[in-house]
Amino acid sequence: VPCLVHPGCVYLVGAGPGAVGALTLRAVEVLSSCDVVLHDRLVSADIVRLAGPHADVRYVGKEGNVSTDKMKTHQDEISGQLAKLAKEGKSVCRLKGGDPMIYGRVGEEMEELATAGVPFEVVPAVTACLAAGADARVPLTFRNSATSLRVHTMNNSTTKDEKFDWSQFATPSTTFALYMGLSALESVTAKMMAAGVPGSLPMAVVDRASLPAMQTVAGTVATLPAAVKGRTDLAGPAMVIMGDVVGLRERIGGTSPPAPHKPTEASLASALAALPALSNEDLRLLRSRADELLKKREQGDGEVADGQAEKKAKTA
């Protein structure tokens, strides 16, 4: 059996935008193989279920709208756990929503692990703005319309910073992806327009990108806040995309093919997707292992059935 992870190592893994199908193959390999999995709040239950049957799965999610000091304390505790578990000889998967390198606080964890001398691997993922652009049919770059993409976070550290340059959002030929922007949208757009951003600039909210419940609400910098205000069906996480490319949706959006069949279990979906890449030798090994598991389960079911029959006979 190939060694996919190593004891004493930490794997900083991106879980992608939410859908199991958006996971990378490397993410599935690591998640299904590690001894311990520490996952965030935004990682779906379907993805967490891909952890190995004997893995120690721990929830270490951080809640929103907490103070910077409290957030830092929580993050320091998580970073410390990673180093401690690895030094105990365990393989550790740190599973984060989206891509770990974009607003995932992976830098603090890398620093802790490097200081502690713990080997680590970063497993990249599809970040939320890419999934949002795909689902909303908004190309984030487009010839003669958008030659650059800028990524921002609209959390309190940004929106309450008096020195933050709001006029940068008036930069032409640019698409802006605003993470954590829905709750602050009204104040954010007001500051943008006060800094010279045209109210007519196209803007959209993409809610739960990559998931079946995904929806897009499109408008402009001036109109979008009112269009989403009070919308309880926008459950999040949500991405805000702004730029001329948003205005192309109606012209180039086209129609979508029928939704793919969704297997009952996420683990089955990942296993089926990996089969074509396996060598003949790997497939034989897989078949042998599957036969072995089936035999054990069938023997176990038989023993349970025999025990139930014996119990019934005694009580009859």
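A salt bridge here is a side-chain nitrogen of Lys or Arg within 4 Å of a carboxyl oxygen of Asp or Glu. E186 lies in helix α7, while K229 sits in the loop between α8 (224-228) and β10, so the pair ties together parts that are 43 residues apart in sequence. K229 is exposed, with a relative accessible area of 61%. For that word, the cut-offs are these: buried means under 20% relative accessible area, exposed over 50%, and partly exposed in between, with a 1.4 Å probe and protein chains only.

Before going on, what kind of model is this? It is a predicted model, in which local features need pLDDT of at least 70 and side-chain atom pairs count only at pLDDT 80 or more, while totals for chains, interfaces and linings use all residues. Residues are numbered from 1 along each chain as its sequence is written, and side-chain values use heavy atoms, with hydrogens and water left out.

Now the overview. The secondary structure of the chain comes to eleven helices and ten strands. Helices (H or I, at least four residues) and strands (E, at least two) are DSSP runs, numbered from the N terminus. Of the 316 residues in the chain, 38% are buried. Among contacts with a separation of 6 or more, 68% are between residues 24 or more positions apart; contact means heavy atoms within 4.5 Å.

Next, the sheet that holds β1. In what order do its five strands stand? The order is β3-β2-β4-β1-β5, in an open sheet with parallel pairing. Two strands pair if DSSP finds at least two bridges between them. β3 (56-59) and β5 (120-123) are at the edges with a single partner strand each, so one side of each has no neighbour in the sheet. From one strand to the next, the twist averages 15°. Axes are lines fitted to C-alpha atoms, for helices over the stretch in contact, and angles run from 0 to 180 degrees between N-to-C directions.

Within this sheet, β1 (residues 10-14) and β4 (residues 92-96) are parallel and share five bridges. The bridge partner of L12 in β4 is R94. Helix α4 (residues 106-116) packs on the sheet and touches β1, β4 and β5, with its direction at about 170° to that of β1. Helix α1 (residues 25-33) lies across β1, β2 (36-39), β4 and β5, and runs at about 135° to β1. R94 comes up again in a network of salt bridges that links D40, R94, K96 and E109.

On to the other sheet I want to show. It is an open sheet of five strands, ordered β6-β7-β10-β8-β9, and its pairing is mixed. Here β6 (148-153) and β9 (215-220) are the edge strands, each with a single partner, so one side of each is left without a neighbour in the sheet. The twist averages 20° from one strand to the next. β6 and β7 (residues 174-179) pair in the parallel sense over six bridges, and V151 has A177 in β7 as its bridge partner.

Is β8 mostly covered or uncovered? It is mostly covered, with six of its six residues buried. P202, A204 and V206 are buried on one side, and M203, V205 and D207 on the other. β8 pairs with β9 in the antiparallel sense over six bridges, where V206 stands opposite T216. Five bridges join β8 to β10, also running antiparallel, and D207 stands opposite A238 in β10. Helix α7 (residues 185-194), the one that holds E186, lies across β7, β8 and β10 at about 160° to β8.

The structure holds five aromatic pairs. Rings of Phe, Tyr and Trp (its six-membered ring) pair if their centres lie within 6.5 Å; planes under 30 degrees apart count as stacked, over 60 as edge-to-face and the rest as tilted. W166 and F169 form a tilted pair, 5.8 Å centre to centre with 40° between the planes. W166 is buried at 10% relative accessible area, and F169 is buried at 1%.

Last, back to salt bridges, of which the structure holds 15. One of them joins K296 to E292, with the closest N and O atoms 3.7 Å apart. These two residues lie in helix α11 (residues 280-315), four residues apart, about one turn of the helix.
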